[in-house]
Amino acid sequence: MDSRKMKDGILQGLIYFSTAFTVLVLVVILGFVLYKGLPGINLNFLTRMWDSKTTFVKVVKEESVDNNTKDGYISSLGITIDLDEKNKVYITEIESESPVKEAVNLKNDSYPIKKGDIITKADTTIFENITIEEAATALENGNETMKLKVVRPGGGIIPMLVSTIYIILLSLLISAPIGILAAIYLNEYAKAGRLLNIIRFAIQNLAGIPSIIYGLFGMLVFVQMLQMQYSILAGALTLSIILLPTIISTTEEALKAIPATYRQSSLGLGATKLQTNYKVVLPNALPGILVAIILSIGRIVGESAALLLTAGTVAQIPTAFTGNEAAAATLTTKLYWLIKESGDLSGASSIAIVLLVLIIVLNIISKTITKHFLAKQGNK
Amino acid sequence: MENNKNVIDKQAHTDMAEVRMKPNRVRDIVEKIIETIFLLCAMASVISVIAIIAFVFWKGLTPFLGDNSYSFGAFITGTKWDPGNDIFGIFYMIVGSVFATIGAIIFGVPIGILTAVYIAEIAPKGLVKTIKPAIELLAGIPSVIYGAFGVGVIVPLVNKISPRPQGESLLAVICVLTVMILPTIINLTEASIKAVPKSYREASLGLGASKTQTIFQAVLPAAKSGILSATVLGIGRAIGETMAVMMIAGNPIGGIPSSIFDKIRPLTSNISMEMGYASGRHQEMLFATGVVLFIFIMVVNITLIKITNKAGEK
Amino acid sequence: MKLKKLLAFGLIATMTLAFTACGSKGNDTAADEETKTEEQGNTTEEASEDTNSDSEGLSGTVVITGSTSVEKILLDMIDEFQAINPDVKINYTGTGSSAGIQDAIDGVNSLGASSRELKEEETSQGLTADAFAYDGIAVVVHPSNEIADISLEDLAKIYSGQITNWKDLGGKDSEIVVVSREGASGTRGAFEELIKLEDAGGLSEGATVVEGNGNVQTGVAGNENSIGYVSFSFIDETVKALTVGGVEANAENAKAGDYKLSRPFLFAYKAESLTPEAKAFVEFTKTDDAQAYVEAHGGIKIN
């Protein structure tokens with residue numbers, strides 16, 4: 001009797017230990033990421049571009065009302081300047097009527113100067129190792145139409161955020177319709193037989209292929225053979241294949257949950273199979289489809305190996321589907337790039353925090369949908 | 001159930017056919033077209049699998065065919081990878097990948113099963129509500145974050161206990177992979193435990209077994225096939241994991257690991273690390289590495305499908 | 001039923017949004033292109049006004065592929081060049097030196113960026129090499145390491161696995177953790193060539209191989225027994241740079257040729273097929289403004 005109790009005790013102890021271990025690991029990971037990354041998260045990190053951008057702008061000065069250039073105020077430009085910690089001249093304040101808001105670049109496109117921009121050159125004066133007074137005087141006494149070299153500081157994740165969203169939209173646009181229709185076929189049309197077995201076998205296999213293999217395939221076919229180069233389209237096409245199994249199986253689950261009586265009554269009322277699918281089956285499966293899409297978004301957000309080989313690591317907002325303008329780093333690939341190229345674990349952790357927040361939000365949404373859906377079915 | 005539905009469908013069709021003959025023909029054609037479109041979408045998966053296999057194998061087998069070919073034997077049994085000198089041996093990587101996967105299974109499967117037992121059988125409802133989202137989060141964390149965690153936490157820890165002077169090692173890889181396969185194992189095992197009928201437990205308890213005995217002697221054996229597929233899925237995930245292991249494995253250019261403190265170079269990290277820059281024969285050899293990885297994955301996949309099908313038949 | 005409708009609506013809305021988002025993106029690009037051509041005339045005027053630029057009214061795309069070591073410097077230069085010549089678009093993709101040179105031979109890029117000297121078989125295919133900066137490769141160890149100097153011969157012995165303990169170099173009695181780079185890295189190629197690793201037997205199987213300068217730095221900073229090599233621009237307080245053969249790893253020594261672990265950053269191109277805008281960019285990289293970026297990133301200016 002005692003040995004049995006002891007055995008029970010040991011086994012129970014192991015059970016508690018295992019659970020504690022699992023939870024503890026998560027806590028440690030979260031703790032590590034927060035500890036390293038939280039100091040790096042601020043408004044600039046969330047709102048700025050990644051690379052700093054240098055531009056030459058022309059500003060038509062206004063008549064000076066106050067020649068006092070103390071404290072870095074330049075009345076003819078309506079701005080206040082200061083030195084940052086690296087002794088660079090940056091703009092701390094812009095008046096509402098300031099002419100720098102009307103600034104144009106060399107193409108004569110509007111390029112309004114913003115708070116936080118760094119001025120590195122005014123006409124011919126290079127702003128290096130310069131005091132505020134000297135800089136302010138140079139700005140105040142410059143030409144009527146003044147040419148400034150302005151650096152808009154980077155350090156933010158905006159391009160990666162936008163690229164991630166583009167890739168999510170593109171991938172889903174390709175794979176969601178295919179996946180949903182495939183699920184409808186499998187559940188509503190297909191008859192048991194060889195073809196169905198082959199399709200099921202293929203889907204199960206796709207689900208098991210690691211993303212690095214998808215990456216190899218995408219790189220070979222989309223990037224090289226179809227000459228898309230590293231681009232959001234090549235990345236999205238690769239991802240669409242990765243997503244298919246998730247979308248198909250989740251949608252199928254939802255379709256299976258729809259009682260057969262729904263279909264029978266629709267068909268009995270004279271509706272065709274297509275009408276039944278469109279008007280009865282699909283609307284009832286919507287919550288499930290939505291969950292499939294959210295799961296897919298989660299997968300895209302976390303993907304790295306496949307995207308590194310197909311979409312590249314350039315931090316830019318893509319303006320095309322293929323080619324150099326379309327190369328894009330998502331948050332996750334940039335996270336890896338940061339560790340690889342600069343050894344910056346803290347910056348990487350800051351991005352990781354953004355990713356974790358995204359994933360938690362996605363989890364909560366899919367939970368909520370499932371819950372409501374189930375509750376409703378229960379009511380019936 | 002399926003058959004039943006088909007019978008009803010057919011009946012509905014014939015009924016309608018009798019009622020209205022004419023519009024039915026047009027409708028039938030439309031229906032047929034739509035069905036074909038649906039079928040094509042369903043075939044997308046098949047086409048994808050075929051395309052992936054065809055292209056990866058074609059590129060990966062090129063260096064072993066034709067003139068000036070590289071010996072496949074030397075490739076598969078070689079223990080040194082030195083692209084600069086045209087030496088491509090991946091045996092030591094296969095060993096590394098297999099060891100890492102076995103290690104992750106040895107630790108991950110028991111921990112995962114026991115955690116699943118806790119969630120399914122023991123934990124109070126309130127606690128389940130905290131643990132389950134935690135596990136979902138664990139499953140959702142991108143692998144590069146696991147990698148960063150490995151670099152920042154696991155590698156320094158392993159370095160402290162290792163007789164070798166560094167922490168990048170088979171052990172570090174096993175630690176991270178164990179954590180990464182946990183969610184898969186826990187979720188599948190939990191589902192299969194929950195599917196065990198109540199009567200099993202009642203019978204066992206009725207025969208005088210303790211709760212713990214019931215779990216280990218009645219419930220878990222009944223959930224066997226679910227646990228088995230969880231394990232196989234875990235193997236697949238571990239052997240295919242790339243980014244996280246690449247950052248902590250050490251990736252030496254040769255040498256079969258002889259202890260858990262030795263560095264390894266998993267197949268996946270070999271591909272990912274050099275693919276971006278490689279060209280010519282070097283690139284083809286990376287695809288060849290992919291072919292070997294793919295064969296491993298296929299074996300895992302087919303095993304998994306066999307297991308699930310068997311379970312389904314029951 | 002309400003919720004279902006709501007969901008349906010949500011799904012449709014998302015899809016529509018997705019479509020319109022993509023649609024409008026396409027339109028934007030088209031519109032952009034239009035304004036570009038429209039303002040071509042203007043730009044010519046502006047550019048001639050601009051005393052900084054001797055390249056009047058340039059337009060077109062310059063494609064640069066190659067070395068990743070030059071990325072930081074090149075991106076800054078490109079940024080500034082594009083500011084002066086708004087109609088020139090320069091695309092840089094880091095593919096590794098060898099790939100960039102091969103692209104230049106094949107004529108698929110405008111300029112190939114390389115972080116090593118061209119090999120004979122490359123120059124023989126009609127390539128011109130045009131250096132715009134020099135780089136030093138620093139040998140780094142953990143800050144706590146007592147070793148301060150190392151010779152090229154010892155480096156070769158360490159990386160080939162003939163010396164495996166710091167005590168053989170006068171340090172403490174512990175195994176050396178050798179950190180190297182991935183197979184296709186330009187820095188690794190340059191380093192191995194400069195220390196003549198091939199003659200010493202090639203890279204040891206005991207070496208840790210990591211991807212990227214950043215990973216080397218993290219690896220070395222995190223392990224007191226390790227040794228690695230990175231570009232000068234990655235030297236910081238987390239690691240200690242050794243003197244090589246008694247010469248300190250700094251820009252002056254590298255430029256003077258005293259520091260042996262240095263290499264050029266250069267453009268490889270076929271002179272006869274060089275486009276005007278690519279030529280303008282190559283010339284621009286040698287101006288003081290552009291060279292300032294070389295210095296800013298720890299590289300070595302050409303003059």
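These legends walk through several close-up views of a predicted model. Residues are numbered from 1 along each chain as its sequence is written, while chains are lettered from A and ligands numbered from 1 in the order in which they are written. Because the model is predicted, local features need pLDDT of at least 70 and side-chain atom pairs count only at pLDDT 80 or more, whereas totals for chains, interfaces and linings use all residues.

**View 1. Confidence along chain B.** Let us begin with pLDDT, the predictor's confidence in each residue, from 0 to 100. Chain B has a mean pLDDT of 89, and 92% of its residues reach 70 or more. Within chain B, helix α4 (residues 91–122) has the highest confidence, at 96, and helix α1 (residues 2–19) the lowest, at a mean of 50. Helices (H or I, at least four residues) and strands (E, at least two) are DSSP runs, numbered from the N terminus. Look also at residues 17–21 of chain B, where pLDDT stays under 50. For this stretch the model has one contact beyond four places in sequence; two residues are in contact if their C-beta atoms, placed from the backbone, lie within 7 Å.

View 2. An unreviewed UniProt entry lists "transmembrane region" for several spans of chain A, including residues 281–301 and 345–365. UniProt positions are given in the numbering used here, feature names are shortened, and annotations may be inferred rather than shown by experiment. Residues 281–301 of chain A are 100% helix and 0% strand, with end C-alpha atoms 30 Å apart. Residues 345–365 of chain A are also 100% helix and 0% strand, and here too the end C-alpha atoms are 30 Å apart. For chain B, the unreviewed UniProt entry gives spans that include residues 170–189 and 285–305. Residues 170–189 of chain B are 100% helix and 0% strand, and their end C-alpha atoms lie 27 Å apart.

**View 3. Where chain B meets chain C.** Here 23 residues of chain B are in contact with 25 residues of chain C. On the chain B side, α6 (143–161) and α12 (267–275) each supply at least two residues. The largest share, three residues, comes from α6(B). By class, the chain B side divides into nine nonpolar, nine polar and five charged residues. Ala, Val, Leu, Ile, Met, Phe, Trp, Tyr, Cys and Pro count as nonpolar, Asp, Glu, Lys and Arg as charged, and the others, Gly among them, as polar.

**View 4. The two domains of chain C.** Chain C is divided into domain 1 (60–134 + 264–296) and domain 2 (136–262), with bounds from an automatic or database domain assignment. Their centres, taken over C-alpha atoms, are 28 Å apart. The contact takes nine residues from domain 1 of chain C and 10 residues from domain 2 of chain C. On the domain 1 side, one residue is nonpolar, six are polar and two are charged.

View 5. Strand β4 (residues 128–141) of chain C is largely enclosed by the rest of the structure, because 10 of its 14 residues are buried (20 or more other C-beta atoms within 10 Å of a residue's own, all placed from the backbone). Two strands pair if DSSP finds at least two bridges between them. Eight bridges join β4(C) to the antiparallel strand β11 (residues 262–269) of chain C, where Ala131(C) stands opposite Leu266(C). Five bridges link β4(C) with strand β8 (residues 226–231) of chain C, again antiparallel, and Ala138(C) has Val230(C) as its bridge partner there.

Definitions and conventions
Buried ≥ 20, exposed ≤ 12 C-beta atoms within 10 Å, placed from the backbone.
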